[in-house]
Amino acid sequence: MTYGIIILLVAIIIALLVYNIIISRRIKSFKDINQKVTSLNVLQDFMSTVGEDSSVDDKIVKINDILIEQYAIKYSTIVVFDGTEYVVKASNVDKKHWDTLRNLQNEEIFKDSITTAKPKYVTVNKEDERLPYQKMEFGRAKSAMFFPLYIDNVYIGYWIIESGRMHAFDNVDTTILEVVKENIISIFRIVSYQNIIENLTRKDLYSDLKTSEYLYEEGRQIIDKYTTSTICMFKITNLEEVNKKVNRDTGNQMIIDVCDYIKSKLSEEYIFVRYMGPKFAIAFSGIETDGVIEFLGDLKKEVESLQIEDVVAAEKNEKSKSGKKKKVTTTNPKLNFILTTYYKGTALEAVLKKLEEYLDSASVDENDINNI
């Protein structure tokens, strides 16, 4: 009887062990699935953020906020080298600590991590200790994980997460954090093209207009508030002739006068840029082409009635000591317009290229308003 009870108890114990193993595996499987779902959700949020009409800096801040919320991270900071210095692109740490956070590449404890492209985990063992890189703070962070960021084997900065608890990351699955890090890198790779466009935008010296790159970033954000808009391009068709036959100073003055006049007639919602050389572009946000043609017709007449004086001759008259003033010749600008409809979300660059090709192939004598 006693042996029977022992055998029964052993069987029960074995059964319980097997059951615990099965439950443990199911829990681990559930955790893995849950982590994968979280990572997928994070990636989807990342991609949605990339597609938003906002600046690169705003997108990086939002991505950092997503990481903090989805992974319950106490502190998260993304630092990037901009070519001249390290810049904190996003952080939920008080700004008084940013100077320390943007100089972690100089800390001995992280140099090996940067060299090997491997994460570095640091923590304190006593409440009165501080992390090696902390200069003036106690209590804020007791443990941290440092992730160097590389794009095509080029070091671009780092991501550091911190916790106010000691040994907070002892049991963290670093493979998940590595996936998150790779997602951050992927986002930087995508938004780097947007960043290039943002930094390429300049103000033209003579027209005082932004250059064409503005249309592809900030300008597009305004235009894409509407389903359809009218994109217009015009060319000062006699600018080259004025430069050659009169002088370049007069040609420059023609650009100034034409652009100043047109700017004074445009609403703030409309975007006016110098596209290239004698060509300029106007985006009439949310306006149908039929609503633009009459306005452009009146504008064209008014601009072409402007009298542009020979700048060099006028200056000579002013400097003349004889008191005799010579008659200064004037020139009227001539404009050729082409316009088309732009649909939100389509290739704006293709639309502009089509308009440019039309103006470049048109006769020098063409002086009209066309719609394609």
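Mentor: Let us begin with exposure, where a residue counts as buried under 20% relative accessible area, as exposed over 50% and as partly exposed in between, with a 1.4 Å probe and the protein chains only. Tyr150, with a relative accessible area of 22%, is therefore partly exposed. The model is a predicted one, in which local features need pLDDT of at least 70 and side-chain atom pairs count only at pLDDT 80 or more, while totals for chains, interfaces and linings use all residues. Residues are numbered from 1 along each chain as its sequence is written, and side-chain values use heavy atoms, with hydrogens and water left out.

Trainee: How many helices and strands does the protein chain have, and what percentage of its residues count as buried?

Mentor: Helices (H or I, at least four residues) and strands (E, at least two) are DSSP runs numbered from the N terminus, and the protein chain has twelve helices and 13 strands. Of its 372 residues, 41% count as buried. Contact means heavy atoms within 4.5 Å, and among the contacts between residues at least 6 apart in sequence, 65% join residues at least 24 apart. The protein chain exposes about 21,100 Å², of which carbon and sulfur atoms supply 53%, the areas coming from the Shrake-Rupley method with a 1.4 Å probe and, for residues, with only the protein chains shown counting as cover.

Trainee: Where is the place of Asn92, and with which residues is Asn92 in contact beyond its neighbours within four places in sequence?

Mentor: Asn92 sits in the loop between strand 2 (86-91) and helix 3 (98-101), and at 31% relative accessibility Asn92 counts as partly exposed. Beyond the neighbours within four places in sequence, Asn92 is in contact with Asn64, Ile68, Lys74, Tyr75 and Ser76. Two backbone atoms lie beside polar atoms of the Asn92 side chain: the oxygen of Lys74 at 2.8 Å, and the nitrogen of Ser76 at 2.9 Å.

Trainee: How many salt bridges does the rule give, and which residue pairs with Arg140?

Mentor: Side chains of opposite charge can pair when their charged atoms come close. The rule asks for a side-chain nitrogen of Lys or Arg within 4 Å of a carboxyl oxygen of Asp or Glu, and the count comes to 13 salt bridges. Arg140 forms one with Glu162, with the closest N and O atoms 2.8 Å apart. That pair links distant parts of the chain, 22 residues apart, since Arg140 lies in the loop between strand 3 (120-123) and strand 4 (143-151) and Glu162 in strand 5 (residues 154-163). Both Arg140 and Glu162 are buried. The charged end of Arg140 also sits over the ring of Tyr75, 4.8 Å from its centre, where the rule requires NZ of Lys or CZ of Arg within 6 Å of the ring centre and within 35 degrees of the ring normal.

Trainee: Which parts of the chain does the pair of Arg220 and Glu349 tie together?

Mentor: The side chains of Arg220 and Glu349 meet in a salt bridge of 3.3 Å, N to O. Arg220 lies in helix 7 (residues 218-223) and Glu349 in helix 12 (residues 348-361), so the pair ties together parts that are 129 residues apart in sequence. Arg220 is buried, with a relative accessible area of 18%, whereas Glu349 is partly exposed at 41%. Salt bridges that share partners also join Glu178, Lys181 and Glu182 into one network.

Trainee: How many aromatic pairs are there, and why is the pair of Tyr150 and Tyr155 assigned its class?

Mentor: Rings of Phe, Tyr and Trp (its six-membered ring) pair if their centres lie within 6.5 Å, and planes under 30 degrees apart count as stacked, over 60 as edge-to-face and the rest as tilted. The count comes to 15 aromatic pairs. The rings of Tyr150 and Tyr155 have their centres 5.4 Å apart and their planes at 50°, so the pair is tilted. Phe234 and Phe272 also form a tilted pair, 6.1 Å centre to centre with 35° between the planes. This pair links distant parts of the chain, Phe234 being in strand 7 (residues 228-236) and Phe272 in strand 8 (residues 271-276), 38 residues apart. Both Phe234 and Phe272 are buried. One aromatic cluster is formed by Phe81, Tyr86, Phe110, Tyr133, Phe146, Tyr150, Tyr155 and Tyr158.

Methods:
Polar contact = N/O pair within 3.5 Å; in protein donor to acceptor, adjacent residues only side chain to side chain.
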